[in-house]
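Reader: I would like to go through this model term by term. Please set each value against the rule behind it.

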Amino acid sequence: MWRCTGPRWSRGAPGTAGRRFEQGLGWYCAERGEERVSPLPAGKVLAFAARGERRCLGVRRGGRWTVCPYGAVLAGDSARDQCASCARLDRSRSVAADTMADDPRPYGVYLAYFGRGLLKVGITAAERGPARLVEQGAVAYAWLGRGPLMAARRAEALLGSALAVPDRFGKTAKRAARGALPPLGDRRAELAHLHDAARELPGWPETLEPVGFECVDHAELFGLGRVPAEVAELGGLAAGEEIVGEVVAGVGSDLYLRLRDVRLPGAGEAPGGGGPQVAVLDLRVLSGWVLGAASGTVTTVPVRGREDGPAEGHDGQEGLF
């Protein structure tokens with residue numbers, strides 16, 4: 001039995017142009033101890049239904065899964081893919097939770113841009129390169145420095161205290177900013193200004209090697225030019241509910257779909273036709289489900305317009321590293 005493990009960004013196959021990152025869905029079969037990834041390119045048609053119960057995925061360390069010993073059932077509308085017990089175990093040895101201060105790997109400090117006025121500072125293991133920036137849906141980014149973990153932490157804290165640069169943004173803010181992005185030149189200029197200000201701060205950690213400014217933009221990679229201004233939001237799944245649509249774009253954990261038919265609230269069995277045609281789905285809500293083929297062409301998952309706001313528990317911050 002294959003369970004979905006949520007969004008996965010990976011490099012394209014050898015021989016592809018530049019081996020660009022590709023968004024996909026991860027899967028894990030506990031009985032076989034095997035994993036796989038299904039790519040989600042633009043134009044791909046998805047038609048799936050949730051089967052059975054959504055289960056905790058357990059803990060993944062060192063490239064291997066440890067199945068949840070409790071077989072915990074998860075809420076269908078949560079972006080979290082672990083029960084409380086597995087989450088505690090996961091964070092017991094975690095850089096993000098400050099329980100792994102002895103990590104000897106070098107770390108990179110980055111500035112990430114999500115929209116006008118939405119810039120954050122963060123750190124990631126240098127060996128991961130830009131993967132973390134792609135995973136969190138950064139529209140653009142620039143490296144600031146590289147060095148030991150504690151030096152990277154001090155630089156992150158310095159930007160927070162001296163320049164009031166946050167280390168996270170919620171999903172709602174990120175999505176709204178994508179709908180009103182300024183031109184590339186403005187994005188680059190905003191990043192460059194913060195990069196210069198950060199490097200001029202007194203108290204910069206001596207062991208953190210500064211990195212010259214270079215802006216990397218992900219608008220084309222994500223396909224943001226294909227995302228319309230008006231986008232609805234797909235809620236979490238319940239057993240038997242279905243999603244049918246064509247992939248438009250993928251940004252971080254978000255997947256934009258052009259829906260075929262939608263069952264609007266109060267419309268009974270009849271497909272609706274008055275809502276926005278493109279909707280965004282947080283792929284993290286698929287993690288833990290067994291997904292089978294849809295039986296029809298109508299999306300039965302709840303669809304909300306922008307004015308409806310996010311469902312409770314859906315605006316949590318993604319993992320930092």
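Author: Contact means heavy atoms within 4.5 Å. Among contacts in the protein chain between residues at least 6 apart in sequence, 71% join residues at least 24 apart. This is a predicted model, in which local features need pLDDT of at least 70 and side-chain atom pairs count only at pLDDT 80 or more, while totals for chains, interfaces and linings use all residues. Residues are numbered from 1 along each chain as its sequence is written, and side-chain values use heavy atoms, with hydrogens and water left out.

Reader: What counts as a helix or a strand, and how many of each does the protein chain have?

Author: Helices (H or I, at least four residues) and strands (E, at least two) are DSSP runs, numbered from the N terminus. By that rule the protein chain has 6 helices and 19 strands.

Reader: Which residues does Y28 touch?

Author: Leaving out residues up to four places away in sequence, Y28 touches M1, W2, R3, T5, G33, E34, E35, W65 and V67. Y28 and T5 are 23 residues apart along the chain, and their C-alpha atoms are separated by 6.6 Å. Y28 itself is placed in strand β2.

Reader: How do you know that β2 pairs with β1 and with β3?

Author: Two strands pair if DSSP finds at least two bridges between them. β1 and β2 (residues 21-29) have 9 bridges, in the antiparallel sense. β2 and β3 have 6, also antiparallel. As examples, R8 stands opposite G24 in β2, and W27 has R36 in β3 as its bridge partner. Between β2 and β3 there are 4 residues, making a hairpin, and G33 in the turn has a positive phi of about 65°.

Reader: What makes β1 and β3 edge strands?

Author: The open sheet has 3 strands in the order β1-β2-β3. β1 (2-11) and β3 (34-39) each have a single partner strand, so one side of each is left without a neighbour in the sheet. On average, neighbouring strands here are turned by 30° against each other, direction ignored.

Reader: What makes a set of residues a nonpolar core, and which members of the largest one touch the most others?

Author: A nonpolar core is a set of buried Ala, Val, Leu, Ile, Met, Phe, Trp, Tyr and Cys residues joined through side-chain atoms within 4.5 Å. The largest has 40 residues, of which V109, L159 and Y256 touch the most other members. Helix α3 (residues 149-163) supplies the largest share of this core, 6 residues. Another core, of 27 residues, lies apart from it and has W27, L40, V285 and W289 among its members. Y256 has contacts beyond its neighbours within four places in sequence, including R178, V227, V231 and V280.

Reader: Why is the pair R178 and D254 called a salt bridge?

Author: A salt bridge is a side-chain nitrogen of Lys or Arg within 4 Å of a carboxyl oxygen of Asp or Glu. For R178 and D254 the N to O distance is 2.9 Å, so the pair qualifies. R178 lies in helix α4 (residues 171-178) and D254 in strand β14 (residues 254-259), so the pair ties together parts 76 residues apart in sequence. Both residues are buried.

Reader: How do you know that E233 and R304 meet the rule as well?

Author: Their N to O distance is 3.3 Å, within the 4 Å limit, so E233 and R304 form a salt bridge. E233 lies in strand β12 (residues 232-234) and R304 in strand β19 (residues 303-304), so this pair ties together parts 71 residues apart in sequence. E233 and R304 are both buried. R175, R178, E233, D254 and R304 are linked in a network of salt bridges. The count comes to 15 salt bridges.

Reader: Which accessibility classes do R105 and E127 fall into?

Author: R105 has a relative accessible area of 29%, so it is partly exposed, whereas E127, at 61%, is exposed. They form a salt bridge with the closest N and O atoms 2.9 Å apart.

How values were computed. Buried < 20%, exposed > 50% of the residue type's maximum accessible area, 1.4 Å probe, protein only. Axes fitted to C-alpha atoms, helices over the stretch in contact; angles between N-to-C directions.
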